[in-house]
Amino acid sequence: MTATNAAGWRPAMGDTGAGADKRPTTSGDYGLMLEEPLSFELGGDGKCGVDLDQPERTPLAGLPLRKAAPDLPGLTEPETVRHYTRLSRQNYAIDLGPFPLGSCTMKHNPRLNEKVARLPGFADVHPLQPQQSVIGALEVISELADWLVTLTGMSAVAMSPKAGAHGELCGLLCIRAAIEARGETRDVVLVPESAHGTNPATAAFAGFKVESIPATAEGRVDLEALKSKLGPNVAGVMITNPNTCGLFEPDMKAIADAVHAAGGYVYCDGANFNAVVGKVRPGDLGVDAMHINLHKTFSTPHGGGGPGAGPVVLSEALAPYAPLPFVTRDADGQVRLIEEETAGEDHPSTFGRMVAFHGQMGMFTRALAYILSHGADGLRQVAEDAVLNANYVLRSVEDVLNAPFAASGPCMHEALFSDQGFADGLSTLDVAKGLIDEGFHPMTVYFPLVVHGAMLVEPTETESKAGLDRFIGSLRSLAERARNGDEALHSAPHYAPRRRLDETLAARKPVLVWKGAPAPSGSPSLTEIGDR
Ligand SMILES: *Cc1c(COP(=O)(O)O)cnc(C)c1O
């Protein structure tokens, strides 16, 4: 099929018949797939959506005054509403279909959470309000903290870190403080090859040298290789469990015992806790510190870099070094916020403070609403359904899409595939882009790095069998097209508002300036980045 004809027309949505490219629409819209220019391109000609009063006072002498009117888009209210509504239709959303993004864990986000998080007593509090006026909010933090400690079987939790990566830093700073308190210096952190990029980045940021631990052929940490690296310079290991291949690390206890025997600490990347919540307590596996991505395990919508929350649960050995501030409960049951490192107070060994205030209140409220509405049995079922859904996808596709670790048993919450068996010239990216034409958000691609052309599929625990079957049908057909060398796949997506874009160029040299205004020299134009 021809993507565009000489005049630059694209065939209408779904129109793949002969001569499709000769049947363009005049408006550029295809049925309900709407084109939309920039607001600056729409507006102009002196229109304004608001009536502004003339300033009453003459400006103070000496102030620099604007010589020309600001270059704002001139849109009426209905034009503005349409502009953003039309743009929003070009977005894929969790309310439209599944987000199979492995490693990102797109949770079910019940509307109840949103309602609770918007209650004025939680949504409108100010971090500098007197404590006595925010006791309810402190109760939420404290109750959520109790749940996190109980579910993980750990001693304490630092609630303030603002994301998973921030939580990793918190955990490593606790480890560093504990080692310094023993009067030792240890400067190496061991990280498996399959780790999320944040793990080695965090270790380096916290001042450690990173050494990598190889994976076994089954996609797990190589225990013997790890043991051979332990020594008096090793501060600890960072292990993800379940790991980023979607597999449980069965040697976790043996790893922890070996690391402890060598005087190190065990950091667990808990981003995948949704696969084991209610089933496994990391504290029982010898973990010393683990962040919990509230936005991955306990709902909270996330994307585009935020918002998130990364509380860190800590073992007895690391709890004394947890950061300030934190919420505690006095003997009489009253919650209290410990803000300062006061002499004689309960927390003399803290490594310090990571954030200005107390953490992400909106995330805390959503996570607690999610936990309380599921209950302990419901949380266990969340893990079971997530694992069941991922295994259903794995077993329904593995005959057409190579699944490198499928032979070693069931996966956890995500199913990992590779590009092995694709015809020459066709790649993981082509399958991902093909999913867009099929009406699905692509899966995570090219991660983890230990698998060539990786495709990591994580179905949300709430997807129905019928929904999964639709996704599986599309994925199977795309896998077959990739094996059979269907060249059309190489230029997918064909039916999206935008075609195959040069994402690298767009990321490296983003055009952030309206092209009506002078662009900084050297920036590519929109057309350079645009459709191939
Ligand atoms: C998401 C993720 C992280 C980082 O969490 P953020 O909240 O995005 O900072 C770390 N490790 C793993 C395995 C993850 O999936």
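P325 sits in the loop between strand 7 and strand 8, where helices (H or I, at least four residues) and strands (E, at least two) are DSSP runs numbered from the N terminus. A cis peptide bond, with omega about -10°, joins L324 and P325. This is a predicted model, in which local features need pLDDT of at least 70 and side-chain atom pairs count only at pLDDT 80 or more, while totals for chains, interfaces and linings use all residues. Residues are numbered from 1 along each chain as its sequence is written, and side-chain values use heavy atoms, with hydrogens and water left out.

A cis bond is also found from N241 to P242, with omega near -5°. P242 belongs to the loop between strand 4 and helix 9 (252-261).

Two strands pair if DSSP finds at least two bridges between them.

V188 stands opposite V234 of strand 4. Contact here means heavy atoms within 4.5 Å.

The UniProt record, in an unreviewed entry, lists residues 184-303 as "domain: Aminotransferase class V". UniProt positions are given in the numbering used here, feature names are shortened, and annotations may be inferred rather than shown by experiment. In the model, the span 184-303 is 24% helix and 21% strand, and its end C-alpha atoms lie 40 Å apart.

Next comes the ligand. It is surrounded by 14 residues, and the closest are S103, G164, D269, H295 and K296; a residue is near a molecule or strand if one of its heavy atoms lies within 4 Å of it. An oxygen atom of the ligand is 2.7 Å from a polar backbone atom of G164. For H295, an N or O atom in the side chain is 2.8 Å from a ligand oxygen atom, and for K296 such a side-chain atom is 2.7 Å from a ligand oxygen atom. A polar contact is a pair of N or O atoms within 3.5 Å; within protein, one must be able to donate a hydrogen and the other to accept it, and residues adjacent in sequence count only if both atoms are side-chain atoms.

T105, with phi of about 45°, is in the loop between helix 2 (77-88) and helix 3 (111-117). T105 is buried, with a relative accessible area of 1%. Buried means under 20% relative accessible area, exposed over 50%, and partly exposed in between (1.4 Å probe, protein chains only). S299, with phi of about 65°, is in the loop between helix 10 (294-297) and strand 7, and S299 is buried at 0%.

Strand 8 (residues 326-329) and strand 9 (residues 335-338) run antiparallel, joined by 4 bridges. R329 has V335 of strand 9 as its bridge partner. The hairpin has 5 residues between the strands, and G333 takes a positive phi near 90°. In a regular strand the side chains alternate between the two faces of the sheet. In strand 8, F326 and T328 form a covered face, and V327 and R329 an uncovered one.

Further along, G421 is in the loop between strand 10 (415-417) and helix 12 (428-437). G421 is partly exposed, with a relative accessible area of 42%. Among the buried residues of helix 12 are V431, A432 and L435. Their cover includes strand 11 (444-445), strand 12 (455-457), helix 13 (465-483) and helix 14 (503-508). Just after helix 12, G439 takes a positive phi of about 90°.
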